[in-house]
Amino acid sequence: MACLLETPIRMSVLSEVTASSRHYVDRLFDPDPQKVLQGVIDMKNAVIGNNKQKANLIVLGAVPRLLYLLQQESSSTELKTECAVVLGSLAMGTENNVKSLLDCHIIPALLQGLLSPDLKFIEACLRCLRTIFTSPVTPEELLYTGPDHQTILFNHGAVQNIAHLLTSLSYKVRMQALKCFSVLAFENPQVSMTLVNVLVDGELLPQIFVKMLQRDKPIEMQLTSAKCLTYMCRAGAIRTDDNCIVLKTLPCLVRMCSKERLLEERVEGAETLAYLIEPDVELQRIASITDHLIAMLADYFKYPSSVSAITDIKRLDHDLKHAHELRQAAFKLYASLGANDEDIRKKIIETENMMDRIVTGLSESSVKVRLAAVRCLHSLSRSVQQLRTSFQDHAVWKPLMKVLQNAPDEILVVASSMLCNLLLEFSPSKEPILESGAVELLCGLTQSENPALRVNGIWALMNMAFQAEQKIKADILRSLSTEQLFRLLSDSDLNVLMKTLGLLRNLLSTRPHIDKIMSTHGKQIMQAVTLILEGEHNIEVKEQTLCILANIADGTTAKELIMTNDDILQKIKYYMGHSHVKLQLAAMFCISNLIWNEEEGSQERQDKLRDMGIVDILHKLSQSPDSNLCDKAKTALQQYLA
């Protein structure tokens, strides 16, 4: 019998809970504002530490009503504050609670609440927002990040309202203000330019930041101040040679990379320093000789320490957790350090086991570490000397080709950029890369929706075709196909178009190669050239196209494709009289190759071009104030006299 009685008892308890929950929700709709306020306060007390009650109230529709009351202008500030507190308490329940709150569009309502003049209400909204955003179910993109959001905060007076908090007696307040400035200034010239001129108690903001990164200040404050100055510098608000950068910010960030600092601090210091020096060769040189930085970074690869040597499990967990971040940060900083200077690259490569470490990094499980390792390698691959020595000794092309087979786009972009360098004619890696199926891989990249991958794919093919054998050129044309070549020549991305023209120019070099390619693809290539010369393109595109024509004109049989095409001949004539010297010179190369009298059929070609009025134009150009153009015209006229 006892077993039979259990069910009705449980149902009775549940009914009571639901009934009491319904009572709380009903009170939110009372016409008396004072009763509504008391109802919200009672609800607040009922839900504290009671997940079941929280779930019941959400199911019964409390959230939409609380949000309505929170946003109503007629609601008292006290009522709005209590509503925000209850919503924050509901968010502290289960992940399903947070999902329900997000479905009701709680975030815009709470963000709007931050514009209130009442500090208690603002605090309640902020607490609720913090609870929601610390939940794993809340998408990060809902948070205000990016230029648009920075601008919104800036336009609402964030800079002026936060600046005075830097002089607060509370360390926590000063730090939050500092962090806010670092977020506002990141990659934002508008905000950064304003910050430079902000005065706080008669002192400019950059001067305050400099004081905050002094050695006697807490490390967290030093790092965040250095970030603010770094972001302002990168946004163009502070010069890279300003003393606050060279003598204060850079040395502070180098200090953060030392062994004495916590692992988290070393990661943050290295990544911020990498960002600071990335575009400036002088800062790279200064950093490279500060506190033995290059050797100091080698220590970043020594985590986790040997497991047998660690008895403290917590420390082992800590080391394992930060091992990836440390390697990623070191690779990033090495990439920035070696971006421009040959001597720095040499020092990096000569650091203990560095090439082995980078090669190992290419196959790390962490995508971020792989990306940073590829960036580092790409930076070092700009060295002709290293391409011929270290890169060859370590057969870097092997792991790189493996990375290119299957990687996210962000890694593919950097890896394919590096492949462009490895395919330069003086690189010993060029031959084995070709043999490992690079042509098909690169032709595949040219079909990517990502413009950066299309550029790199065609760029690498362009490098591959430079002074290449006929077989390689034929392989490229076969794998790429004329249809794809046409698509690339009409690509909306200017870089893709320019590199495709560069590829064509390299393919059409060396007389036998020119004749062979034009015999099989001449019609399509001439059609493409015509379209570009007729289209709305800039000077550089037209110049490159005329240079391709000049190469065709250098062929033995290929030049007839120009001579039998009156439309093309008229275009060459037109560009000889163009206002831009670059285009005149490129057109002159075409004419010179067509009329060269040592070649078979030159007399007939000269006669046809004379009838078109080319000789008259040459006489005019021989009087050109541009010495180069003048000389070319005189040389061409001599062909007629010989």
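Author: Let's start with the tally: there are 32 salt bridges, where a salt bridge is a side-chain nitrogen of Lys or Arg within 4 Å of a carboxyl oxygen of Asp or Glu. Keep in mind that this is a predicted model, so local features need pLDDT of at least 70 and side-chain atom pairs count only at pLDDT 80 or more, while totals for chains, interfaces and linings use all residues. Residues are numbered from 1 along each chain as its sequence is written, and side-chain values use heavy atoms, with hydrogens and water left out.

How open to the outside are they? Arg239 is exposed because its relative accessibility is 58%, and Asp241 counts as partly exposed because its value is 46%. (Buried means under 20% relative accessible area, exposed over 50%, and partly exposed in between, with a 1.4 Å probe and protein chains only.)

Now for a pair that reaches further along the chain. Lys259 and Asp299 form a salt bridge at 4.0 Å, N to O. These two are 40 residues apart and link distant parts of the chain: Lys259 sits in the loop between helix H15 (243-255) and helix H16 (263-277), and Asp299 in the loop between helix H18 (293-298) and helix H19 (313-337).

Next, look at Arg327 and Glu364, which meet in a salt bridge at 2.5 Å, N to O. Arg327 lies in helix H19, and Glu364 is in the loop between helix H21 (354-361) and helix H22 (367-380), so this pair ties together parts that are 37 residues apart in sequence. Both partners are tucked away: Arg327 is buried at 14% relative accessible area, and Glu364 is buried at 13%.

Salt bridges can also join up. Arg511, Asp554, Lys559 and Glu599 are linked in a network of them.

Glu600, Glu604, Asp607 and Asp611 form a negative surface patch; patches take residues with over 30% relative accessible area and no salt bridge, joining like charges within 9 Å and nonpolar side chains (Val, Leu, Ile, Met, Phe, Trp, Tyr) within 5 Å. One of the four, Glu604, lies in helix H38 (residues 602-611) and is exposed because its relative accessibility is 55%.

Most residues other than glycine have a negative phi. Glu187, though, has a positive phi of about 50°, and you'll find Glu187 in the loop between helix H11 (171-185) and helix H12 (189-196). Asp201 also has a positive phi, near 50°. Asp201 sits in the loop between strand S1 (199-200) and strand S2 (203-204), and is exposed, with a relative accessible area of 68%.

Note on methods
Areas by Shrake-Rupley, 256 points an atom, 1.4 Å probe, with all protein chains shown as cover. Lys, Arg positive; Asp, Glu negative; His and termini not counted. Charge placed at Lys NZ, Arg CZ, Asp CG, Glu CD.
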